[in-house]
Every structure is written in structure tokens, then in C-alpha cells.
Amino acid sequence: TCPALYRARLHNGVIKKATRTESKRMRKRWKSSTERKRVVDTYVKFVAEVIAPMFEVSCEAIKNADRNEAMEPFSDSAENGLRSGVVYQTEPILRCSFPSKHVHSKNHIDADYHHQEEELNFWLPLTDVHDSNTLFVESKPGLGDYHPLCMHYGQVCRFWGNQCRHYTIPNSTPLTRVSLDFRVMHAVLFERDKARDTKCSANLMQLGAYYTHMDFSKNT
């Protein structure tokens, strides 16, 4: 069983919570499945062909970017050894939301979970989303002007989820929502020291684990 589908069924009371051993077996089966490989391979291709080109801007433009436009000015980036490309979330998060009274995502910013401030969030619904069956996001940090993302299959939303609060509400529509979300930043903005923050469990939020580097030159 796909972990995302398991969680959705669990929240809806369709199944009982799996034991630790059962959960471990489920994750292991999913990790080695051909279905997961297809999802990840398609995702990496999408990042290379659609997302990475959005970040092909000069370092000077990044340095001078307005923080309310989702990028934080940074010091000399040569220190991290990454001069080109993007650093992206190695595997996207697959989420399913059945019609229910359950709230899948409380009001939060990704900084609450120790993500780097330079990240941009990408939300890719695999179904049409609207009304209560979608994500609510504020337009700028602290503004509180939450609005639902009304999107069709084939569209992707980019927003500064690290500082702009976002959440979902119970899905009162008759439709199930399926989506992918992931985080990307320009490689020169990646801070290795932050990735080693001991607050992050097992230091997993590093290159080679939570993050992967993709060089622009390899996508041309």
C-alpha cells in the first residue's frame, strides 16, 4: 500500500492504525516498488524540464531579490561549492485527501519544521482543486489574506511556503484530492550549515538525503 493512501484511509477511519512493524514493512515495500520508481523518475524529469529553468537567473539577481518575492539576500555563495543549478527535494510528498471532516494540514510555515528560508514551495495537484478541496495560502508573510488555490490538472503553484502561512480545511466536496508538493532553491543559496542543524532529525536535511543537487549544464 502507498503510504499516502494508507494515511488518507487511516484519517477517514477506513482502516486501523498499523503497528510499527507493519508500517516499516509497508514503507519498505513502497520504497522498492516499481510504482514509486515511476513517480520519482517522472518527478525528476519534471523538475529538470519545468522547474529548474525557472531558476536560471544570475547570482546578482538573486542577491538583489526582494525577500517578499520569495528570495532572501545572501552572502558570498561560493562557500557551499555549488555555483550552478538547483537544490531540490529528493522525493516529492504524495498526499491524498478523501472527502471527510479531517484537517490534513494545520496552519503553518515550513520554517516551523527547520526548512531553509531560501526554499520555494511547489504544489502540483493531480486532480482539479477548488473550494474546500484545496490549499489555502497567504500572499505575503504575515498578511493573513488567505485564499484558496483554484487549479486544474496540469497546473503547478509556486509560493514562499517557508514564510507564507498555508493550510487545508476539511474536504467537504465529493471529490478526492491527490497532490504532490516539493521544495526547490537556487543551488547558490543552499546553506550546508543550516542543513546540519541538529534540530533536524538525524541531520537528514542535507545533500544526498532530503536534498539533491541538479546542475543546469546537465539539463541542456
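Tutor: The largest pocket has a volume of about 520 Å³. A pocket here is found on a 1 Å grid over the protein atoms alone, as an open set of points where a 1.4 Å probe fits, with protein on both sides within 12 Å along at least five of seven lines. Grid points are joined across faces, edges and corners, and the volume is the space filled by probe spheres set on the points. The model is predicted: local features need pLDDT of at least 70 and side-chain atom pairs count only at pLDDT 80 or more, while totals for chains, interfaces and linings use all residues. Residues are numbered from 1 along each chain as its sequence is written, and side-chain values use heavy atoms, with hydrogens and water left out.

The lining comes next. The largest pocket is lined by 25 residues, and Ile 93, Arg 95, His 108, Asp 181 and Arg 183 lie nearest its centre; a lining residue has an atom within 4 Å of a point. The elements that give two or more residues to this lining are E2, E3 and strand E8 (177-186). E8 supplies the largest share, 5 residues. Helices (H or I, at least four residues) and strands (E, at least two) are DSSP runs, numbered from the N terminus. Sorted by class, the lining has 10 nonpolar, 9 polar and 6 charged residues. In this sorting Ala, Val, Leu, Ile, Met, Phe, Trp, Tyr, Cys and Pro count as nonpolar, Asp, Glu, Lys and Arg as charged, and the others, Gly among them, as polar.

A salt bridge is a side-chain nitrogen of Lys or Arg within 4 Å of a carboxyl oxygen of Asp or Glu, and the structure holds 5 of them. Arg 183 forms one with Asp 110, where the closest N and O atoms are 2.7 Å apart. Arg 183 lies in strand E8 and Asp 110 in the loop between E2 and E3, so this pair ties together parts that are 73 residues apart in sequence. Arg 183 forms another salt bridge with Asp 181, with the closest N and O atoms 3.2 Å apart. Through shared partners, salt bridges join Arg 95, Asp 110, Asp 181 and Arg 183 into one network.

How far are these residues covered? Arg 183 has a relative accessibility of 7% and counts as buried; buried means under 20% relative accessible area, exposed over 50%, and partly exposed in between (1.4 Å probe, protein chains only). Asp 181 is buried as well, at 6% relative accessibility. Asp 110 is also buried, at 3%.

Leaving out residues up to four places away in sequence, Asp 110 touches His 115, Asn 121, Gly 161, Asn 162, His 166 and Arg 183, where contact means heavy atoms within 4.5 Å.

His 114 is found in the loop between E2 and E3. Its phi is near 70°, a positive value in a residue other than glycine. Most residues other than glycine have a negative phi. His 114 is partly exposed, with a relative accessible area of 33%, whereas Asp 110 is buried.

Val 137 stands opposite His 166 in E7. Strand E4 (residues 136-137) and E7 pair in the antiparallel sense over 2 bridges; two strands pair if DSSP finds at least two bridges between them. These strands belong to an open sheet of 3 strands in the order E5-E4-E7, with antiparallel pairing. Its edge strands are strand E5 (147-148) and strand E7 (166-167), each of which pairs on one side only.
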